[in-house]
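Please walk me through this model in the viewer. Tell me what to select at each stop, and what is there.

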Amino acid sequence: MTDKVYPASKPNGTPVSTKNPKLPLPPAKAHLYDQNGHPYRRNPNNYHTKRRRSNFRRCFCLYCFWSLLITILILLLATISGGVLYLLYRPHLPTFSVVSLKISRFNLTTATDGTTRLTSNLNLTISTKNPNNKIKFHYDRIAIGCVTGETEIANGDFGNSFPSDPKNITIIRSSLSSNSLLLETETVNRMRSDLKKKSGLRLKMLLDAQAVMNVESFGSKKVGMRIKCEGIHSLIPKSVRSEANSSSSPVVSATVSGAKCVVDLRIKIWKLRF
């Protein structure tokens, strides 16, 4: 029986081939950290800023709401109070009327340079009536102006203060004048055109007055009034138009039958006037 002889193993250093060798797994990557960096944190300043803005908006809305509510309540109370006072006292504005207007001098003088000047004297009588039952007016000085077109040709005033009792009529007399008043050419032409008409010169009276209204023991502040009286026509003394000296000139009475006076209140709120 023969023995099988097996070859000896290959010397060291000779590679041995194997099928599908298994490679070792790569080492796990280490997490990199930025040593100089900082982790994310919530900025407390942004939070407080947003909170302050939210509180400011809330306060502003509350302020607007209460301001609007208080304003509405004040207006409502004022309306109710005004309605009650109106029902109790029935207030009415005073009425004015022109009683007479007399012209004693009206001298138009044209110089060599073409300019025209006016010298005039007028006497005005006006009546005022208080139509109220329980309201009393107390007037201060009344400024008066006589106007033709838009030009004031004479002025004056009623300097004495006076009361106007309920259901009472007060007569006001005043003298108006102008001395060498320089007139524009357009105004002079319009005045001469009106003087050629039968109705005469168109005049208008403007009165500026201030009065205090007294209701029983209550007194208001001074209330401004603008009284405008239109519909006045007048001729001028004939001797005045031809002669410079008017001392003997007759007095001419204006036509005031068609005159109507309108009273407008001039209420001043702060610096605004209505």
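A patch here is made of residues with over 30% relative accessible area and no salt bridge, with nonpolar side chains joined within 5 Å. Keep that in mind for the second stop. The model is predicted.

**Whole chain.** Select everything. The protein chain holds 3 helices and 14 strands. It has 274 residues, and 26% of them count as buried. The accessible surface comes to about 20800 Å², with 57% belonging to carbon and sulfur atoms.

**Nonpolar patch.** Select Leu62, Phe65, Trp66, Leu69, Ile70, Leu73, Ile74, Leu76, Leu77, Ile80, Val84 and Leu88. Together they form a nonpolar patch on the surface, with about 1200 Å² of accessible area. Zoom in on Trp66, one of the patch residues. Trp66 sits in helix α1, which covers residues 44-89. Its relative accessible area is 49%, so Trp66 is partly exposed.

**Lys167.** Next, go to the loop between β6 (162-164) and β7 (169-183), where Lys167 is found. Check its backbone. Phi is positive at Lys167, about 60 degrees, although the residue is not a glycine. Is Lys167 buried or exposed? Lys167 is exposed, because its relative accessible area is 53% and exposed means over 50%.

**Ser180.** Last, select Ser180, which lies in strand β7. Ser180 also is not a glycine, yet has a positive phi, about 50 degrees. Its relative accessible area is 39%, so Ser180 counts as partly exposed.

Conventions. Residues numbered from 1 in each chain as written. Predicted model: local features only at pLDDT ≥ 70, side-chain atom pairs only at ≥ 80, totals over all residues. Heavy atoms only, no water. Patch = residues over 30% accessible without salt bridge, like charges linked within 9 Å, V, L, I, M, F, W, Y side chains within 5 Å. Areas by Shrake-Rupley, 256 points an atom, 1.4 Å probe, with all protein chains shown as cover. Salt bridge = Lys/Arg side-chain N within 4 Å of Asp/Glu carboxyl O. Helix = DSSP H or I, 4+ residues; strand = E, 2+ residues; numbered from the N terminus. Buried < 20%, exposed > 50% of the residue type's maximum accessible area, 1.4 Å probe, protein only.
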